[in-house]
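Me: I have a structure to go through with you. Let's take it in short questions and answers.

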Amino acid sequence: EKFTEGGQNLRRVHWKQDQVHSPYLIAVAISQLEPVLVNEDIPSNLWVPPHRKGDAFVAQDVLKGLYNFQVGYTGTRFPFSKLDVVAVPRFFWSGMENSSVIFERTSKLLVDHKNDHTARTRIVGLLSHELAHQYFGDWVTCAWWNDIWLNEGFATYLGGLAADDYADNDEYEIWLTRALLEGYFAEEDGPNSHPLVVKGNVPVDEAFDSTSYTKGMNVLRMLELWLTKPEMKKVLKAYLEKHGGKAVTSDDFFKVVYETTKKEKELKPFKEAWLHKKGYPVIFPDTQFSGGKLTVKIRQQPNQSGEKGPFVFKLPIVIHRATEPTYTKEELITVDKPEVTVTIDVPAAPQWINWNKNFGALVKVNPTSLNEDRLIDAARYDEDPTWRLLTTLQLLGELGNKTQIEETRPTDAAMGAILDVIQKDPSPYVREAVLQRLANTRFKKLPSEFAKPLFDLAKRPTDLNEDPAGYIRVRVAAMETLGRVDAPDAHKWLIDELGKREIDINYLRGYAAAAARIGSAASLGTLRAALVTQKGRGMGYYRRTASALPLSNN
């Protein structure tokens, strides 16, 4: 309401809260902002700084797509009467899921340049997670921080599904694999390992880690694999309808699971293992073929030696043979004992086996159980991008080990497969992941065989033109990796390109990272000059250039 007091024209705002929500999710934004309409189904706007409405076109499209997916997937209406997303300058947390008013760092929500293809991934990932929180964390919230996976694991699960649906490629699958390899497993192997649900009062600053986010998400993925996706959607719908507007525990969720599926007896061991045991299982697969029968033996042991009893999960495997008689056969094996054995009818001995399709089970496959010839075939030919990535990283061995023990070169056969993957794999995200692992190697220099393929990829990757962002990301990763190889001609080209003023924003990070990796006086001098030049073009250009500085050893 408008009113006058002491000669001043003022406004008074009355706060009306007509829906319950957790008090830690109350937020108010006060600023000069302009609205960008997103959705008319409910009042839904992006709120951006003055004169920046044109930079919200990606977020506007993304948010509408994510909203439609998540409403459809959960089978429930959006839980609040409106939805706003506010651009907050220099917001420390990047994103915060306040009820019906999401805060996001301005640089994570808006694009600096209309030609910035790589910005879309950044915007999709953060928005999908914070929007999923409106259901899980806001409308249904955990009773205390020891059940924080009910917020973070669920939001990571639903947000990932929405982002995957929006992108319609295998970027999400590769992101998930890398999150497990580079974050979760390392944490669970160390001293900070803990069960998903911790007993007692957990301090809030200790609750938010890879266990809550990544393990929580993967427990839900494993439950979905066990139940099937349609059944999982019924569970989520029932959970939201029963507990909307309430603070709940893990027991409340699994009670809904049992009531909806009528599978309490078979799922109770699953719940107890994954919620209350530390760590994850390492599996040791073994096979024998005879007379049209493939005997598959799966032995498991916990990564944490103090944990007793088996983990319980479904293991999705795919058996392949590319020579006559050719076949592909999928099996879902229930692993509920320290060792299980199953017999599968196949027409001939397999050529290779995908031991965990799409990382469907939260397990590590013991590397000594895998034959190099089978790894090579899988890296080249498997249909699952996740398994192609895992087998390629296995073939890299110490070459791709960030904590390298000794400089051990892959065999010639393995090297041939690795070179094939970075040049020919149909997924740009598999190629990018392998290239980035090579760029971060502890080897002082990569083997010379990489020089020409990397130079070719840095200039023009082939067979990736249907995915513009993927094409760009392969080029950028190849540029950076080139800095780890003795390749004078390639290095000169990279330094010359970085010295130009009008560099495409999509490739600027690649040239800058390459210069930092090369580490010569010429490359670092060019990088220093580029910082000044690109800052003059705008913060987006400067940010891409400056992000390469930590890569230099000089």
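Me: How much space lies in the largest cavity?
Reply: This is a predicted model, where local features need pLDDT of at least 70, side-chain atom pairs count only at pLDDT 80 or more, and totals for chains, interfaces and linings use all residues. Residues are numbered from 1 along each chain as its sequence is written, and side-chain values use heavy atoms, without hydrogens and water. A cavity is a set of points on a 1 Å grid over the protein atoms alone where a 1.4 Å probe fits but cannot get out. Points join across faces, edges and corners, and the volume is the space filled by probe spheres set on them; for the largest cavity that is about 30 Å³.

Me: Which helix gives the largest share of the lining of the largest cavity?
Reply: Lining residues have an atom within 4 Å of a point; among them here are Arg178, Leu389 and Ala433. Helices are DSSP runs (H or I, at least four residues), numbered from the N terminus. Three residues, the largest share, come from H5.

Me: Which residue in E15 is the bridge partner of Val318?
Reply: Two strands pair if DSSP finds at least two bridges between them. E12 and E15 (residues 352-354) pair antiparallel over three bridges. In E15, Val318 is partnered by Asn354.

Terms used
1 Å grid on protein atoms, 1.4 Å probe; cavity = no way out; pocket = protein on both sides within 12 Å on 5 of 7 lines; lining within 4 Å. Helix = DSSP H or I, 4+ residues; strand = E, 2+ residues; numbered from the N terminus.
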